[in-house]
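Subject: Structure handover

Hello,

Here is the structure I said I would pass on. My notes on it follow below.

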Amino acid sequence: MSVEEQIQKMVLELRILESYYNELSARETLVARAVLDSRATIEALKSIPAGSNSEILLPLGAGVLMRVCSPTVEKLLLNIGAGVVIEKSKEDTLKYLNERLSQLEVALSNIAAQKAEIANKINAYRAQVNNLAAKLEQG
């Protein structure tokens, strides 16, 4: 295989790796958003006082909030996926959310590790392409 063919092959592989890296970055963003959403939901559930009629602010959208009296939170509806909603107690819901948060954090760290591995491969391929290109220029 000639040096030019090697360069072309490595550039193609480099593009594939870069595409995969970008896909991992997009996944990482989605999982990070899910982590933030889960944490916010857990904190919101924890902050709702048990059995009292305290006032809370309900976001309506576009920066508009409405004051409402908080209901007593004995049961919550939990969307577990595929359009399936189940009813759980506040404690069971918090337990479910904490387990889900743990899973998301593991997934986030796995994605970060994969990104680091792919970044190392990309850097190695770039160095090899540069070396081959230098050889080609030298003749």
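This is a predicted model, so please read the notes with that in mind.

Salt bridges. A search of the whole structure gives six. One of them joins the side chains of Arg126 and Glu18, with N to O at 2.5 Å. This pair links distant parts of the chain, with Arg126 in helix α2 and Glu18 in helix α1 (residues 3–47), 108 residues apart. Arg126 is partly exposed at 39% relative accessibility, and Glu18 is partly exposed at 27%.

Glu23 has 38% relative accessibility and counts as partly exposed, as does Arg27 at 37%.

In helix α2, Glu117 and Lys121 are likewise four residues apart, or about one helical turn. They form a salt bridge with the closest N and O atoms 3.7 Å apart.

Lys90. This residue is found in helix α2 (residues 90–138). Lys90 is buried but has no salt bridge; Glu91, the nearest side chain of opposite charge, is 6.3 Å away. The Lys90 side chain does reach the backbone oxygen of Leu45, at 3.0 Å. Beyond four places in sequence, Lys90 touches Leu45, Ile48, Val73, Glu74 and Leu76.

Surface. Leu58, Leu60, Val64 and Met66 form a nonpolar patch with about 330 Å² of accessible area together. Strands β1 (55–61) and β2 (64–69) each give two or more residues to the patch. Leu58, in β1, is partly exposed, with a relative accessible area of 36%.

Regards

Methods. Residues numbered from 1 in each chain as written. Predicted model: local features only at pLDDT ≥ 70, side-chain atom pairs only at ≥ 80, totals over all residues. Heavy atoms only, no water. Buried < 20%, exposed > 50% of the residue type's maximum accessible area, 1.4 Å probe, protein only. Lys, Arg positive; Asp, Glu negative; His and termini not counted. Salt bridge = Lys/Arg side-chain N within 4 Å of Asp/Glu carboxyl O. Polar contact = N/O pair within 3.5 Å; in protein donor to acceptor, adjacent residues only side chain to side chain. Contact = heavy atoms within 4.5 Å. Patch = residues over 30% accessible without salt bridge, like charges linked within 9 Å, V, L, I, M, F, W, Y side chains within 5 Å. Areas by Shrake-Rupley, 256 points an atom, 1.4 Å probe, with all protein chains shown as cover.
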